[in-house]
Amino acid sequence: MTDEIALDIQEVSKAFGATNALERVTLQVHRGEFLTLLGPSGSGKTTLLRMIVGFESPTAGRILLGGRDISGLSPADRSAGMVFQQYALFPHMTVADNIAYGLKLRRWPRAEQRERVGEMLDLVRLEGYEARYPRQLSGGQQQRVALARALAYDPEIILMDEPLGALDRALRIEMEQVIRRIHRDLEATVVYVTHDQQEALALSDRIAIMRDGRLQCVDTPEELYYRPASSFVASFFASSNLLPVTLVERLGPDSARVRYGQDELSCRVAGEIAGPVQLAVRRRSLRREPSPNCLVVRGTVAETLLFGDEREVILDVPDAGRVVALIAAHAAADLAVGQPVELYVPPEETVLVTDVDAGAPGTAGDADAPLQPDALAVGP
Amino acid sequence: MAPLHDRNAVTADRNRRERMRHLSDRATRLGGGTVVTIAALLLLIPAALVVALSFSNDKYFNFPPRSWGTRQYHTLFTSPQWGDAIWLSVKIAVPAVVLSTLIAVPAVFAINRSRLPLRHALQAAGVTSLIVPLSAYAVAMYGVFVQLHLLATYLGLVIANTVLAFPMILVVTTAAMSRIPVELELAAMTAGASRLRAWAGITLRLLIPAILAGAVLAFITSFDEAVFINFLGGPGQVTLPKAVFDSVRFGVDPVITAIATLLMLFTSVLMLIALRLRRTGQ
Amino acid sequence: MPTHAQTIRRALPSLRREGARPWSPTVGNVKALILLAPLVALLVGFVFYPLVKLAIDSLTSDHGLRNYSDVFANASTRRALYTTLIASVIVTAITVAIGAMLAWHLVTVRSPAVRAVLWLAVLAPFWMGTVVKNYAIILFVSHDGLLNDLLAAVGIGRQQILYTSGAVVIGIVYSMVPYAVFSLYGVFAGIDQSLLSAAQSMGASRIQALRTILVPLAMPGAVASAALVFAISVGFYVTPVLLGGGQTPFMASVIQANILTYYDYGFASAASVVLLVVATAILGIALRLVGRERLVRAVA
Ligand SMILES: Nc1ncnc2c1ncn2[C@@H]1O[C@H](COP(=O)(O)OP(=O)(O)O)[C@@H](O)[C@H]1O
Ligand SMILES: [Mg+2]
């Protein structure tokens, strides 16, 4: 990754009739960076990607690729490579012809075309498949051809729209490795769309989280996972529990004291705090052994599910609704449905968040959180 | 828990209803099967009759024939009048199909790849000529052909047949286009193709089997056209359907059975080709 | 291993100016109109213009408005109109009933041999072509044809069928059944068959399952199909002329006699408009009932 900005999205909005698919999205992607657009279905990821590549035109805003405004350019002139969820291989062409398609249009000499196709097939590990037709390949192989086709003419940017969405789990993991290796080897700039946070974690340099057509935040996977800036990021990205707490005082820019039930504790703050506050607690932070100054979560076991090494324990917690914990299987073996239980959370693993983007509290992800009117009054 | 005798009564009642239902189901299946069998036979018999009678060796029409042979086919191939009629039919159908293709295919692209208002209404309007009462439509065309001096002309017949034939290509090509993912075009354009090139090299290329299938159906439509020709053709323009029509109208010439059989063979082969083409296009 | 340093980035042959008009993924309206021009020209020139001209001519040419009073005053024309409409209603009922049963069997039948025979039966009239179909019916129903042989054999005795409106109905049904099967096949194939099994598993008899599940689901498609069969039947020309003969009154025969024998274009155009109005009314009702989408699908 370099500091040079490859893709510059400035205040881009898109309306389809009455629905605002995108609202004032601003985002920079660096050359060589792997950036993932992550968000629930319908959040506008595909729309943004299609505007970058030229299949939709923005209602407002500008998109710069390599420093030039591309709004007047046809997709052909944008120097982008696109990989689609449903592969979109040309069914009437062989694998080699598919990969060479962009090269032919660029009038590469035949020998160079052939050489480049060979290189690309090496890259995606499909040596010897030149003469096959797409219908003779498995889904994973087709997607690798699609990848090779998009890479062959060395576009300035590679765009992928849920490329692994049509593949089964094992193939997805294998393809993630292929994509990671290619990104590393070619130093390509990639904008990748997915709704799967595991995939985003595994692949990305940075992740842009989208919700309802708006960009929520852009950060590295570590930051987003360990220091989520909003309740949406915490619950959507790390599947964190959100506990209703009261802000007691701000201890500084990145920490605060809060009260949960009778207990008071210090926690981290990563984003902006405004309105009702919640404590984000990751599922693996809930333990059975207490630690110094820990947060105590009391509830009754509603359900337990064995996930192999870990057991998912779902608690009914008064005030907080359902709380999900992932506990080592041996440590959770004694938990039975209906049994009251206490779980302990180390304070340094909690993050104070608010629902930054949603207009009214109690919408979307935090339907279970009760109103905390007094939290509004407390300032740092 | 219900007393024992009650339970027995309930069980007996249920068993009886089960039996009734089984009987009713069997009657339904049997009844349906019988009606369908009779319907299928009634559809097949006239066709089979024509084929069978084409191998009658009688000079005049007899049923059942007194002798069997290939006399009708001999008569057919040695009389020039039928050859002329077939030739005129082909001479009308071929340009009508070409015109139909040139009209329908660009229209399908415009309808599916533009935001033009009313484009879907236009597509629906494209099949008008298939659903208006044909004899009334023929009178309407008669009025226009008189005005444009197209009555009893070759050009007029080509136009009239085009009007009836192009919806075939429109319909078949539209259906095929809806099955080609637009992403293919988009992929081509990102790879560097102009829109025209993406259309021609990808979508149009993939539509070819469907267009050919539509063209075959359009050809059959035109080759078989028997209504407009009566109103618009005048006495001079005798296509094959017109010749058969006149012959049947003024008596049952047994040669017709031979023509009919060959026509059936010809049409069925063309239709199977069209079907195969539509399949490969998918 | 290729690295992007090895690749010479080549400029595309056509690079458009920056800051030009925003590029749109859909083709512009002007280009779309150019592509549609041939279709529009044909539709306007030879579909809409003729129909509009017909309507105007029927009111203005020859005897003007009297064209219509002639049509309705003339007893034999009235009878022809009546016969045409009644025959078309009967044709529609029979065609849709037979077509639905055949289509349903084609969708559900398991044996490939039976399915092949059924398809052959449906396609046979189609393959014969317009005129030959009617010729085949002539052979079938003629005085000493196969049908009369059968009637004689079962003791009913030979009937005069050819050159009656009965023969015309048989002929039109024979021509229309394949069309009805094609459109209803699409309707039935789109219905999830497991719904019927589900109904039967809950205790419905086969006929109840068909009546309560299949019929309501298939109804819009069947209405569309019936409307089309009716509209097309009203305009049949070849069958009334060949199977009805000179004596049986059908509108098609009246129209063609007026235009080709008496050269009374005014009368013929008025009679045609009457047919068009009837067909359009029926199609319009179907359009209101089931929507354009289904109606268009029933055609194709
Ligand atoms: N062509 C379109 N016409 C109308 N609405 C659209 C269109 N494309 C997308 N939308 C709407 O825009 C929103 C964002 O869609 P999309 O970008 O596909 O989301 P995602 O890819 O994140 O699932 C959705 O509400 C969707 O319904
Ligand atoms: Mg999407």
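The questions and answers below go through the ligand first and then the chains.

User: What should I know before we start?
Analyst: This is a predicted model, in which local features need pLDDT of at least 70, side-chain atom pairs count only at pLDDT 80 or more, and totals for chains, interfaces and linings use all residues. Residues are numbered from 1 along each chain as its sequence is written, chains are lettered from A and ligands numbered from 1 in the order in which they are written, and side-chain values use heavy atoms, with hydrogens and water left out.

User: Which helix of chain A gives the most to the shell around ligand 1?
Analyst: A residue counts as near a molecule if one of its heavy atoms lies within 4 Å of it. The residues surrounding ligand 1 are A:F16, A:A21, A:P40, A:S41, A:G42, A:S43, A:G44, A:K45, A:T46 and A:T47. Helices here are DSSP runs of H or I with at least four residues, strands are runs of E with at least two, and both are numbered from the N terminus. With three residues, the top contributor in chain A is helix α1 (residues 45-53).

User: How many nonpolar, polar and charged residues does the shell around ligand 1 have?
Analyst: In this sorting, Ala, Val, Leu, Ile, Met, Phe, Trp, Tyr, Cys and Pro are nonpolar, Asp, Glu, Lys and Arg are charged, and the others, Gly among them, are polar. For the shell of ligand 1, that gives three nonpolar, six polar and one charged.

User: What share of the area that ligand 1 exposes when taken alone does the protein bury?
Analyst: Let us begin with the atoms. Oxygen atoms of ligand 1 lie 3.1 Å from a polar backbone atom of A:S43, 3.0 Å from a backbone N or O atom of A:G44 and 2.6 Å from a polar side-chain atom of A:T46. Accessible areas come from the Shrake-Rupley method with a 1.4 Å probe, and for residues only the protein chains shown count as cover. Taken alone, ligand 1 exposes 560 Å², and the protein buries 59%.

User: Is A:N293 buried or exposed?
Analyst: Most residues other than glycine have a negative phi. A:N293 has a positive phi of about 60° although it is not a glycine, and its place is the loop between β15 (277-281) and β16 (295-306) of chain A. Buried means under 20% relative accessible area, exposed over 50%, and partly exposed in between, with a 1.4 Å probe and protein chains only. At 65% relative accessibility, A:N293 is exposed.

User: And what is the relative accessible area of A:A88?
Analyst: A:A88 also is not a glycine, yet its phi is positive, about 55°. This residue sits in the loop between β6 (80-83) and α2 (95-105) of chain A. A:A88 is buried, with a relative accessible area of 6%.

User: How far apart are the C-alpha atoms of B:A191 and B:T70?
Analyst: B:A191 belongs to the loop between α8 (182-190) and α9 (195-223) of chain B, and it is buried at a relative accessible area of 3%. Along the chain, B:A191 and B:T70 are 121 residues apart, and their C-alpha atoms are separated by 62 Å.

User: Why is chain C described as more spread out than a compact globule?
Analyst: Chain C has twelve helices and zero strands. The radius of gyration is taken over C-alpha atoms, and the globule rule is 2.2 Å times the number of residues to the power 0.38. For 300 residues the rule gives 19 Å, so chain C is more spread out than a compact globule, with a radius of gyration well over that value, at 27 Å.

User: Which residues of helix α8 (residues 194-201) of chain C are buried?
Analyst: The arc used here is that of the directions from the helix axis to the C-beta atoms. The buried residues of α8 in chain C are C:L196, C:A199 and C:Q200. Because they cover an arc of only 95° around the axis, the same side of α8(C) holds C:L196, C:A199 and C:Q200.

User: Which side chain does C:N134 join in a polar contact of 2.8 Å?
Analyst: C:N134 lies in helix α5 (residues 130-141) of chain C, and it is buried, with a relative accessible area of 1%. A polar contact is a pair of N or O atoms within 3.5 Å; within protein, one must be able to donate a hydrogen and the other to accept it, and residues adjacent in sequence count only if both atoms are side-chain atoms. At 2.8 Å, the side chain of C:N134 is joined to that of C:T239.
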